[in-house]
Amino acid sequence: MKLLATLLLTAACVLPFSLHAAPLDDAITELQRDWEVIRYQTPESARLKRFEALSAKAHGVSQTFAGRSEPLVWEGIIVSSLANEKGGLGALSLAKQAKAMYEQAIALGGDTLQGSAYGSLAVLYYKVPGWPLGFGDKAKAEELLKKALSLNPTGIDPNYFYADFLVETGRGSEAASYLERALAAPPRPGREVADTGRREEVRQLLTKVKAM
């Protein structure tokens, strides 16, 4: 009886996490798939409404799995993409929302998803206008980009983002090596659409850099 009680207690401690983890992984995979289809395979005219719907869906995932950083990272990515499609003052408000999501995700565990929160937050810092209009900060962006690279040095996204930052800040001569690393990045299982789309962006930026 004592052994049975111990096994039951162990199961009670382990099963909730295991059962919780699988639905979370499934939800994140679905958000990733939906995002990349909209970002890379949907006509520009249809992206805004689809990102609006996906943003609401991502928020539901974040609420369902409160206390986990992964949904917040992906909600931030989706809201950032929505801001990019929307433009104008509405985009700045959305960027501020995404910033808060990334910061919360980092507070909960910034190393998750290979440090994606750091790189994604950095993009906001170098894309958004600085004071008095927005919160843009190039120095903060570079600090975050270097943190993202330290966590995922061979990843396609952190290398591309850092190269893009270098180009935007007038340091295009330093960008080529990071773009070459991005092209050589190992494929991400299940992220074929995103990898294909990002590689095309890398090639376009590399062509621009070589022409400078």
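**Basis.** I worked from a predicted model, in which local features need pLDDT of at least 70, side-chain atom pairs count only at pLDDT 80 or more, and totals for chains, interfaces and linings use all residues. Residues are numbered from 1 along each chain as its sequence is written, and side-chain values use heavy atoms, with hydrogens and water left out.

**Whole chain.** I found 9 helices and 0 strands in the protein chain, taking helices as DSSP runs of H or I of at least four residues and strands as E runs of at least two, numbered from the N terminus. Of its 212 residues, 44% count as buried (under 20% relative accessible area, 1.4 Å probe, protein chains only).

**Helix α3.** I noted 18 residues, 69-86, reaching 26 Å from first C-alpha to last, close to the 26 Å expected at 1.5 Å a residue (1.5 Å times one less than the number of residues). I counted 15 of the 18 as buried, so α3 is largely enclosed by the rest of the structure. G87 follows α3 with a positive phi, near 70°.

**α2 against α3.** I looked up the axes (lines fitted to C-alpha atoms over the stretch in contact, with angles from 0 to 180 degrees between N-to-C directions): those of α2 (residues 44-64) and α3 come within 9 Å and cross at roughly 155°. That makes the two helices roughly antiparallel (over 145 degrees). For contact (heavy atoms within 4.5 Å), I listed residues including L48, F51 and L54 in α2, and L72, I78 and L82 in α3.

Terms used:
Buried means under 20% relative accessible area, exposed over 50%, partly exposed in between (1.4 Å probe, protein chains only). Angles under 35 degrees count as roughly parallel, over 145 as roughly antiparallel, 65 to 115 as roughly perpendicular and the rest as oblique.
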